[in-house]
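Biologist: I am new to this structure. May I ask where the terms come from as we go?

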Amino acid sequence: MTLAGSNLIPDGKLYIWDIEKDDMVEYDFRKYDTDEYDVREHSVKIDDSGREIEEIKSDFDEICRNRVPIDFYWDNCDPRLLVCSAKKLRMPGAKKGFFGRSKSTTEEKKSLTDEDHVIVTMFISPENSIRIHYVRAVDGDAKLLACATPYVATLQKLSIVREVMNDFIGLEKCDRNTRSAVLDFSFNLTIGNMDAAFKAIKLVESVGVWGNLARMCVKTRRLDVAGVCLGHMGDAKAARALRMAVGDETLSLQAKVAVLAVHLGMLDDAEQLYVQCNRHDLQNKLLRSRNKMDAAHAVAESKDRINLRNTDHAWAISLEQQGDFKEAAARYEKANTHLYDIPRMLSDHPLQLQAYMSKTKDKELMKWWGQYIESQGDMSSALKIYANCGDVYSQVRVLCFLGKEALAADLARTNTDKAAFYHMARYYETVGNFDEAVNFFTKATAYCNAVRLCKENNMSEELWNLGIVVSKREKIECAKYFELHGDLEKSVVLYHRGGMLHKALDLAFETRQYEIIQDIATQLDAGSDPALVQKCAEYFIANEQYDKAVDLLAIVKKFVDAIELCLKHNVQLTEDLAEKLTPEKETVDESVRINVLENLAESLMVQGEYHLATKKFTQAGDKVRAMKALLKSGDTEKIIFFAGVSRQREIYIMAANYLQSLDWQNQPEILRHIITFYSKGKALELLANFYVACAQVEIDEFQNYEKAFGALTESSRCLQKIGSAKDPKQIQRASEIVEQRLKMVKRFVDIRRLFERGDIQAGISQCQQLLTVGDELEASVRRGDIYALMIQSHVTKGEYAEAKKLCFELRQLLSKGSNVPITYYLDKEVIEALAKGLGVPLSHLVPVTPKSNVSSEENYADTVEEILDD
């Protein structure tokens, strides 16, 4: 029943009398009323009773506050179930539709709070008093008529409406036992007894019921029960996410429950759980997924600074999608991703891009803007931009391009940019100013280039100055230069500083530089006896008995010295001598043995004994260098055999590269070996290049575009099989080039087939369209072949005027290009037939020019080299 106060205002309480216990229980719909009079009256009641009441601000209390119960009915099947309708009480001065709201409530609950008329389903028991189970909104004019599980009957607009209770959705025609089980589940779920609720519905197949239980698991944090509920709901995605979260030891219990809440749509509850467990990174991620960028950014600024830039970047992407480029640019700058994302975003809006770049102070962006302006051909503007951003190298490069090398040199000298120094050095090298080039190479610390330039131009003084500051490798190169030109004193000093003590010692004896000899002697190892070895060696050398000197050094296991002596005095390394200088496995350490064998093999390489060098490299276990030595011998049969027995990827590739230098187009066996070795070596990129070379040979030598198409197809397949490459962009570019050539060749082959079928008009039209293609056409299909095809067709049909026109177009095209004679593309029979049909002498169509006598092998080699370079 309900009561009213002395002022005739309903007190908003629902009273229920327990007949068995003779006790009265109540539920106050107005206990959260913000009206001053009711709050004061409520507080007086608390004071008079002398009891301390702790108010629990639950979601249902929030929805039911400041209402008055109107009608109520007991369920016909379950005496615990009571359905009550309640309307919002409008107090004078109250703001309509607003009673305050909790930040953690969902949008659905916020709307129920503002509803004028709701129906409240509650359970009443002596042990648990009154517990609200479910609240739903109805029309303001609706009237509650009755409650009979699973329906609640209301009168709406002069018609009776039966609405299914929330837990009975999908179970409207259930039997008595199922109805009783669902009611027990609802009751236990309401009072928070999860175990009893779970037992009550184990056999009930209702997604709605199991969904309610799963949502209750979020409140009670029972993840074990939640997993069973998700299984009955058939939500595989949520079940998998929950299982992964439970297995993640880095997540706390609240975070795991939050994962469950997210998949159940309880997003506000999930956010609160993330806050409770201090997982603000996950809270930030959740807010971003809900497109609450302001809140996500606030969390990132205060509690998740590590993801602050990520949040700014995500916000910028959202703003970019909304078209707010100005704010998006600001966010990209805060995220420090503006160097790439702002040019990308504004690339389709040149005016906005120019306006942004004119205001930015970022040097990297200004450098990019300068490069962009330079690519448009505006060198003066690009130079100003480079100056503003302090890019010395780009300024020097542009000035050199404009021919202002003096200004470029002065600019480079006034700065310390090594890239600018290097560019000026390369520029001066190209124009022949070698003194300045060496000077700038030295400033750029590009000593290798400076040494190279000095050696090439006999700049001895500059080379000697460089020899003091360069690394050991360059010191040795300088020493070799001075040794070659007879300046042995400088050569000894540089050999000594470069670490080649043996060489320095030999030259020191020759030039009698005893100070250098003394320095070198102090650097020898303690285990060596240089005096004895040197004395014996000098004796045999003085008597020109070099072979005995080598034998002596071999006996004392000075194999390296013996080999050097052979080279120095040109002692021929025969097969017997090479065997003497080969250490046995048991006599010396394995690493020493390998080193001696490698030195011996290198010496044999110097003397041109490539087969012996191959044997020694093989004994040293270095099959790669053994193959290199064998390649220099040019013994094709042994190279093929050695590659087959070695079974190493690098050796397969080297063998295939060597075989490409042979006349493989006329030797099918060589061709098969090339393909086999590249395939076994898994060098798909090189195999693709080889197929491209084959295609080019078929086009240049035989005009066989059908076979060229087949070769390009194989090349494309090889490139597609490449899984992981060091430079994926290069592979992608190569694939695009091959596909482009494949497309052009396929198009030309189809045109040829049109002519073969007799569809001449269509073929001519397709040829003319193909000629309009840009520069990429010549890399795939020669324009001369296209013209030849059309000319031959017109001559065959007797259309000599058209053929003559095309013939002169072809001559003009050839005169602009490589000046190849027209007979390179047109057969003699076609030209003679055209001259006869026009009634003109043959010299009128084909001027007499000396024909280049170039062998097909040279043409092929140039073509292959060009393709491989590409």
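Biologist: What separates Trp368 and Tyr372 in helix α17?

Modeller: They are 4 residues apart in α17, so about one helical turn lies between them. A helix here is a DSSP run of H or I with at least four residues, and a strand is a run of E with at least two; both are numbered from the N terminus. The model is predicted: local features need pLDDT of at least 70 and side-chain atom pairs 80 or more, while totals for chains, interfaces and linings use all residues. Residues are numbered from 1 along each chain as its sequence is written, and side-chain values use heavy atoms, without hydrogens or water.

Biologist: Why is the pair of Trp368 and Tyr372 called stacked?

Modeller: The whole structure has 10 aromatic pairs. In this one, the ring centres are 5.7 Å apart and the planes stand at 15°, so the pair is stacked. Rings of Phe, Tyr and Trp (its six-membered ring) pair with centres within 6.5 Å; planes under 30 degrees apart are stacked, over 60 edge-to-face, the rest tilted.

Biologist: What makes α15 oblique to α17?

Modeller: The axes of α15 (residues 338-346) and α17 (residues 363-375) cross at roughly 40° and come within 10 Å. That angle makes α15 oblique to α17. Under 35 degrees counts as roughly parallel, over 145 as roughly antiparallel, 65 to 115 as roughly perpendicular, and the rest as oblique. Axes are lines fitted to C-alpha atoms, for helices over the stretch in contact, and angles between N-to-C directions run from 0 to 180 degrees.

Biologist: Which residues make the contact of α15 and α17?

Modeller: His338, Leu339 and Pro343 of α15 meet Glu364, Leu365 and Trp368 of α17. Contact means heavy atoms within 4.5 Å. By class, the residues are 4 nonpolar, 1 polar and 1 charged. Asp, Glu, Lys and Arg count as charged; Ala, Val, Leu, Ile, Met, Phe, Trp, Tyr, Cys and Pro as nonpolar; the others, Gly among them, as polar.

Biologist: How do you know that α4 and α6 are roughly parallel?

Modeller: The axes of α4 (residues 176-191) and α6 (residues 207-220) cross at roughly 15°. Therefore α4 and α6 are roughly parallel to each other. Their axes come within 11 Å. Val182, Phe185 and Leu189 of α4 make the contact with Val209, Asn212, Leu213 and Met216 of α6. These residues divide into 6 nonpolar, 1 polar and no charged.

Biologist: And why are α38 and α39 called roughly antiparallel?

Modeller: α38 (residues 668-680) and α39 (residues 684-702) have axes that cross at roughly 155° and come within 9 Å. The two helices are therefore roughly antiparallel. Leu671, Ile674, Ile675, Tyr678 and Ser679 in α38 meet Leu686, Leu687, Phe690, Tyr691 and Cys694 in α39. That contact has 9 nonpolar residues, 1 polar and no charged.

Biologist: What makes β7 and β9 edge strands?

Modeller: The open sheet runs β7-β8-β9, with antiparallel pairing. β7 (143-148) and β9 (159-164) each have a single partner strand, so one side of each is left without a neighbour in the sheet. Two strands pair if DSSP finds at least two bridges between them. β7 and β8 (residues 151-156) are joined by 5 bridges, and Lys143 stands opposite Leu155 in β8.

Biologist: Which peptide bond is cis?

Modeller: The bond from Thr149 to Pro150, with omega near 10°. Pro150 sits in the loop between β7 and β8. In the loop between β8 and β9 lies Lys157, which has a positive phi, near 55°. Most residues other than glycine have a negative phi, and most peptide bonds are trans.

Biologist: Which strands form the 4-strand open sheet, and which are at its edges?

Modeller: The order is β3-β4-β5-β6, paired antiparallel. The edges are β3 (67-74) and β6 (129-137), as each pairs on one side only. The twist averages 30° from one strand to the next. Inside this sheet, 7 bridges join β4 (residues 81-88) to β5 (residues 117-125), and Leu82 stands opposite Met122 in β5.

Biologist: How many bridges pair β1 with β2?

Modeller: There are 6, and β1 (residues 13-18) and β2 (residues 23-28) run antiparallel. Lys13 stands opposite Asp28 in β2. The hairpin has 4 residues between the strands, and Asp22 takes a positive phi near 50°.
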